[in-house]
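Please look over the sequence and the model shown here before reading on.

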Amino acid sequence: MNSRIGSLAKIKVIDASRVLGGPYAGQILGDHGADVIKIEPPTGDETRGWGPPFLDDAASYFLGVNRNKRGMALDLTQEAGRELLLRLLETADVFIENFKTGTLDRWGLGRAELEQRFPRLVHCRVSGFGADGPLGGLPGYDAAIQASAGIMSVNGELGGAPLRVGLPVVDMVTGLNAVIGILMALQERASSGRGQFVEATLYDCGVSLLHPHLPNYYLSGKVAGRSGNAHPNITPYDVFAARDAPLFLAVGNNRQFATLCQVIGRPALAEDPRYAANKDRNSNRDSLKAELEEAMTGFDCGPLAERLIKSGVPCGAVRTIDQVMADPHTHHREMVVDIGAYRGTGSPIKLSRTPASYRLAPPRFGEHTAAILDEVGVQGDLFADVLPGFEADADTTARQQKVRR
């Protein structure tokens, strides 16, 4: 485990978000040293139940985006719970939430109120569509946004039905954009002394992912359809059959194409006027694929992939999850994290002096409530009605009794 402090070690985050986009943002901040306190409702983050598989009380889905956080259960529907949240925000730098539009306003904790009370606070909201506009305030989940933002329309086999991307890509990109916005706001705060509101919506982020389909549409007016694994602008950029398994070729320039042709024993293809430049290869992609696959049937996928990539041709065997985990390079890049019984995916953000560190496994429900209350000088027994499952540990109880005396 890396024990360095991290680039965000002086930042305190209150993460009151649930499901994926917001929690993923909180985990990224926590990986890089921020003190992240995860606030869960009395019923817990719903992803605790999105399994199997489970570890103790939590599904793998929850575990995947909630490490490096201290956990606290708090009933914000009650006034006392909201009072306690305000106490926590007094010392916080960042507040992440994804409450339904209008919820915080009804509780007296809207943007204007929080800005007035905590002028240095960076308030980040993750939502489906934002608070206003024709779709403002409506709920959004990843797959539904993949559909409504056009992603499914360009994903799937040629001539086939629209297909959801097999990852919650919209949620995760929304989390990434939330982090970018938070860091921008913290950077600006260093000079202005003021926080600001940061908004990341699933709809905006889904639309932002439509590259190169939107740029193509802006210039041509043509609506993109599904093309399977093939790229709409680049050829050869597709899955090709080798002798024993499929290989993805991602050839981006003429030099790479010439090298590919040389390695598979067909150097004349690079001189063929039908394939001389990318625009020519695009116009003749079907005949080119037939030529390449005819040559590639003489090679096993693994050795060919290794030879090509070492020759400067981007490519990759189509592997399964277990094969990725067995790859020594995955471990060399520290992309597997173990904390006790917990195993997770490492941070892809590598910093030379202040790298990510993995200090806390995802919290059990309400695990750190007592310690957090003690830090802000709150007597937990006075708020028992809004602290589900709260039990002060012996040291905390003794300190609180000493304060009372």
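Predicted model: local features only at pLDDT ≥ 70, side-chain atom pairs only at ≥ 80, totals over all residues.

Residues are numbered from 1 along each chain as its sequence is written, and side-chain values use heavy atoms, with hydrogens and water left out.

Helix 7 covers residues 169–192; helices (H or I, at least four residues) and strands (E, at least two) are DSSP runs, numbered from the N terminus. Its 24 residues reach 34 Å from first C-alpha to last, close to the 34 Å expected at 1.5 Å a residue, where the expected span is 1.5 Å times one less than the number of residues. Among the buried residues of helix 7 are Val170, Ala178 and Arg189; buried means under 20% relative accessible area, exposed over 50%, and partly exposed in between (1.4 Å probe, protein chains only). After helix 7 comes Gly193, with a positive phi near 80°.

There are 22 salt bridges in the structure, each a side-chain nitrogen of Lys or Arg within 4 Å of a carboxyl oxygen of Asp or Glu. One of them joins Arg266 and Glu291 (2.7 Å, N to O). Arg266 sits in the loop between helix 10 and helix 11, and Glu291 lies in helix 12, 25 residues apart. Arg266 is partly exposed at 27%, whereas Glu291 is buried at 18%. Another salt bridge pairs Asp272 with Arg274, with the closest N and O atoms 2.8 Å apart. Arg266, Asp272, Arg274 and Glu291 are linked in a network of salt bridges.
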